[in-house]
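Subject: Structure handover

Hello,

Here is the structure I said I would pass on. Please open it next to this email and keep both in view while you read.

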Amino acid sequence: MRRPLPSLYISHGSPMTALQPGLVGPRLAELAAGLERPRAIVMASAHWLQRTPQVSAAAQPQTIHDFGGFPEALYQLHYPAPGAPELAQDVAQRLAAAGLQPGIAPQRGLDHGAWVPLRYLYPQADIPVLQVSIQPSLGPTHQFAMGRALAPLREQGVLLIGSGSITHNLHDWHHYEAGKEAPYVRPFIQWVEQKLHADDLQAMFDYRQQAPFAMQAHPTDEHLLPLYFAMGAAGSDRLGAQRIDAGIDMGFLAMDIYRFDGAA
């Protein structure tokens, strides 16, 4: 019997990661090389925000360039992976069974929270991909429940990924160049790593009150919420949280990756 795939949390950073891979590009390529090839991928991205869970079901999802003011070369990039309409129906049914009231988005494409890291994980773009939206107003426990509802798919060869950024404060854009780092970044990511290793769910759910520099690291929640999706999707394997250090971009975007499956 095949071992279930891990669930993953990926810090995708700036859209420019697609052109400037930094450390995260090689880390993602190494990660994918060590995994059994998935039959499909389900991603919860910080860049698809809806009031209720939505599941993308496009047969051939378009590449969404959901940003502005970047070099023209970035807008010429595409990730032509197929969609997974049948799996989308399965995902929606599982979310519904968990009482999460999902909807189907038949034309939704792939935002940069999905296609930018996927360019490094699976550059051939030959694995079917769909997205699920996140609900910032419903908080970490809701995103955890979404992941938990989909956790059994890991045993069926589906790779479940939350894509955000472990720190994300765009007010600090261009403030920490020339090798300088925002003082809140390392205390925050170290606290997260400690709480994940301890499986301290209550502390993680209450990170706004308990984590050092929580407001500086995340003025809003949406880039951390995909981590809770990955935690829920891990089931009991969240006890094996493994942090993969992918550096700190621009001094304020920590690029941590987490895999949840107990792998050394």
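This is a predicted model: local features need pLDDT of at least 70, side-chain atom pairs count only at pLDDT 80 or more; totals for chains, interfaces and linings use all residues.

Residues are numbered from 1 along each chain as its sequence is written, and side-chain values use heavy atoms, with hydrogens and water left out.

Helix packing

Two packed helices are described by the angle between their axes and the distance between the axes. Helices (H or I, at least four residues) and strands (E, at least two) are DSSP runs, numbered from the N terminus. Axes are lines fitted to C-alpha atoms, for helices over the stretch in contact, and angles run from 0 to 180 degrees between N-to-C directions.

Start with helix α5 (residues 139–150) and helix α10 (residues 225–234), whose axes come within 6 Å and cross at roughly 40°. α5 and α10 are therefore oblique to each other (angles under 35 degrees count as roughly parallel, over 145 as roughly antiparallel, 65 to 115 as roughly perpendicular and the rest as oblique). On the α5 side the contact (heavy atoms within 4.5 Å) includes Gln 143, Phe 144 and Met 146, and on the α10 side it includes Tyr 228, Phe 229 and Met 231. The residues of this contact of α5 with α10 divide into nine nonpolar, four polar and one charged. Here Ala, Val, Leu, Ile, Met, Phe, Trp, Tyr, Cys and Pro count as nonpolar, Asp, Glu, Lys and Arg as charged, and the others, Gly among them, as polar.

α5 also packs against helix α3 (residues 85–97): the axes of α3 and α5 come within 9 Å and cross at roughly 120°. α3 and α5 are therefore oblique to each other, and α3 passes α5 in a right-handed crossing. Val 91, Arg 94 and Leu 95 of α3 touch Met 146, Ala 149 and Leu 150 of α5. By class, the contact of α3 with α5 has five nonpolar, no polar and one charged residues.

Helix α4 (residues 112–121) is mostly covered, with nine of its 10 residues buried (buried means under 20% relative accessible area, exposed over 50%, partly exposed in between, with a 1.4 Å probe and protein chains only). Among the buried residues of α4 are His 112, Trp 115 and Leu 118. The buried residues of α4 pack against β1 (7–11), α1 (24–33), β2, α2 (72–75), β5 (129–134) and β6 (158–164). The axes of α1 and α4 are 7 Å apart, at an angle of about 60°, which makes α1 oblique to α4. In that contact, Gly 25, Leu 28, Ala 29, Leu 31 and Ala 32 of α1 meet Pro 117, Tyr 120 and Leu 121 of α4.

Aromatic rings

Rings of Phe, Tyr and Trp (its six-membered ring) pair if their centres lie within 6.5 Å; planes under 30 degrees apart count as stacked, over 60 as edge-to-face and the rest as tilted. By this rule there are seven aromatic pairs. Phe 67 and Phe 70 have ring centres 5.5 Å apart and planes at 80°, so this pair is edge-to-face. Phe 67 is buried, at 15% relative accessibility. Ring pairs also link Phe 67, Phe 70, Tyr 75 and Trp 115 into a cluster.

Two single residues

Is Arg 51 buried or exposed? Arg 51 counts as exposed, at 76% relative accessibility. Arg 51 sits in the loop between β2 (40–49) and β3 (54–56). Leaving aside neighbours within four places in sequence, Arg 51 is in contact with Gln 135 and Leu 138.

Ile 104 lies in strand β4 (residues 103–105) and counts as partly exposed, at 33% relative accessibility. Ile 104 and Val 55 are 49 residues apart along the chain, and their C-alpha atoms are separated by 4.9 Å. Beyond neighbours within four places in sequence, the contacts of Ile 104 include Gln 54, Val 55 and Ala 88.

Regards

Key:
A crossing is left-handed if the near helix is turned anticlockwise from the far one by less than a right angle, and right-handed if clockwise.
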